[in-house]
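Biologist: I'd like to learn how to read helix packing and chain contacts in a model. Could you walk me through it?

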Amino acid sequence: MEMHLPRRRLPYLLPHLLPSQLALPPRSLLPLCPQTRSIPIPPMALRAIASRKTLAALGSGLRAQARLATTAAAAAASRGLVTFSLPDLPYDYGALEPAVSAEIMQLHHQKHHQSYVTNYNKALEQLEDAVARDDAPAVVKLQSAIKFNGGGHINHSIFWKNLAPIHEGGGEPPKGSLGWAIDADFGSWEAFVQKMNAEGAALQGSGWVWLGLDKEFKKLVVETTANQDPLVTKGANLVPLIGIDVWEHAYYLQYKNAKPDYLKNIWKVIDWKYASEVYEKECR
Amino acid sequence: MATATVAATAPLSNGFLLRRGPNEGAKSARSLQRTKNQRQSASSRRFGAAVITAKFDLKPPPYPLNALEPHMSANTLSFHWGKHHRAYVDNLNKQIVGTELEAKSLEDIVIQTYNDGDLLPPFNNAAQIWNHDFFWESMKPGGGGKPSGELLKLIERDFGSFEKLCEELRAAAATQFGSGWAWLAFNPRPSDGKELLVVKSPNAVNPLVLGYIPLLTIDVWEHAYYLDYQNRRPDYISIFMEKLVSWDAVSAKLEVAKAQAA
């Protein structure tokens, strides 16, 4: 018996990866019927792909890798596919020292996050092909690659926004409504930080520890996710405010096995501007 | 390359993918092969008013910490064995004090606390002790090369060729997302006659919990390779296969496995 997959827009197949979670311009909702492939490439996507600043940020040794990723992305884009690209950091790699070393920031951004972006784009292209040829088993098989790599891209994009150099406000606890909400929901700032650190330290293997907002109940929660699962996999109503990467690559070169030391120190560069904006928007 | 999710009789809370030779789809054997009950050395020492009974010891690798240079640095060994492995031992000893697990062998603790996938707290520490003991034994100075004898025969029977086995092992190690391990394991009751299989597992899970007998493992937690290779896991895997793997150890374990299965 043949399985007929409805020709749906991609977001239908990926309900857990909402545009709002991506902190990027919303994806164009491109119909996937072959006869409508001549859709103009969304201007934002093109700009992101070809961003000179992104290319300039890469060292000479990475130009080849970047060229490859950009070429593949451009090729996919020319087929009407939206592709994703590595966001720039709004600070230098060394700007978060001594809390997080420049070496870690560079590897984390240019290698790990870039690899998630590249593989996410690849998986989405393969998904589009599988849907187009009605290959349901292939579609299902691609879901884990999409979750790993798409989740990696989502999570790291939020993470970079959660960090800032000390002279730009990194380390300062939140004021205003989010600050009060932390006191209300956790008892005190100290109790909140302690809970985040305890959950982060206890996490086995790779994953993230989150401060999230349950937007249905307007309550703050501390949650962990495994591997690159986005926070929304723990609850459809959960909106990530602060995420701390506790994969070993996030701290190992500097802190080695002392994960608790990393967790203690990263608060010195955690920035609350993005979190406050999201919180205020959701709680309006 | 075909993959099959394990159709275990109990749901696994962690995904567990099998990579097999050309003919795949064997039902997993749920029988649990127990090795001889290992008597761990028990030493007591007084610490203030409390008596601490150290149940398990931190076993050193069968070579000095710098013996695997330059492929795996002494620096890595000093943290990986000296800190990570040591912490699993210390933490398990604390966890099992005053419990029924104190009287059991490490392997029995691993299987019991796996609890059909609903992991009990001591599982991570127990399994990671077991896995790391096994990992150090899977390597040797001047390792690499090819297996021989009975092991090579079985590899060629079940994978087609040694090269095909290497391909599957590398792929399993490279695609185990997040933290985990890749294994060559022995299935004592294969329904399709293939006794050797490649398995990958997340975090602390190992093939013992499926009733397989591990023969070889490579640790792909980031702490295993990050100091030497940073994000380049594929390079680490290549070096492991070309310069570190101890096929002698694998052959020895295969002999034991076959004797037990007989």
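This is a predicted model: local features need pLDDT of at least 70, side-chain atom pairs count only at pLDDT 80 or more; totals for chains, interfaces and linings use all residues.

Biologist: How do helix 8 and helix 9 of chain A pack, and at what angle?

Modeller: In general, two packed helices are described by the angle between their axes and by the distance between those axes. Here, helix 8 (residues 176-186) and helix 9 (residues 189-202) of chain A pack at about 75°, and their axes are 8 Å apart. Angles from 65 to 115 degrees count as roughly perpendicular, so helix 8 and helix 9 of chain A are roughly perpendicular to each other.

Biologist: Now chain B. At what angle do the axes of helix 4 and helix 8 of chain B cross?

Modeller: Roughly 80°, with the axes of helix 4 (residues 149-159) and helix 8 (residues 247-261) of chain B coming within 9 Å. Helix 4 of chain B is therefore roughly perpendicular to helix 8 of chain B. On the helix 4 side of chain B, the contact uses B:E150, B:L151 and B:L154, while helix 8 of chain B brings B:W247, B:V250, B:S251, B:L254 and B:K258. Sorted by class, this contact has 5 nonpolar, 1 polar and 2 charged residues.

Biologist: On to the two chains together. How much area do chain A and chain B bury between them?

Modeller: The general idea first: the size of an interface is often given as the accessible area lost when the parts come together. For chain A and chain B that comes to about 1800 Å², with 62% of it on carbon and sulfur atoms. On the chain A side, A:Q204, A:E248 and A:Y252 lose the most area to chain B, together making up 32% of what that side buries. As for residues in the contact, chain A puts in 17 and chain B 15.

Biologist: Which helix of chain A gives the most to the side that touches chain B?

Modeller: Helix 6 of chain A, with 4 residues. Both helix 6 (102-132) and helix 10 (252-255) of chain A supply at least two residues to that side. Its residues split into 6 nonpolar, 8 polar and 3 charged.

Notes. Residues are numbered from 1 along each chain as its sequence is written. Chains are lettered from A and ligands numbered from 1 in the order in which they are written. Side-chain values use heavy atoms; hydrogens and water are left out. Contact means heavy atoms within 4.5 Å. Buried area is the accessible area (1.4 Å probe) that two parts lose on being put together, summed over both. Ala, Val, Leu, Ile, Met, Phe, Trp, Tyr, Cys and Pro count as nonpolar, Asp, Glu, Lys and Arg as charged, and the others, Gly among them, as polar. Axes are lines fitted to C-alpha atoms, for helices over the stretch in contact, and angles run from 0 to 180 degrees between N-to-C directions. Angles under 35 degrees count as roughly parallel, over 145 as roughly antiparallel, 65 to 115 as roughly perpendicular and the rest as oblique.
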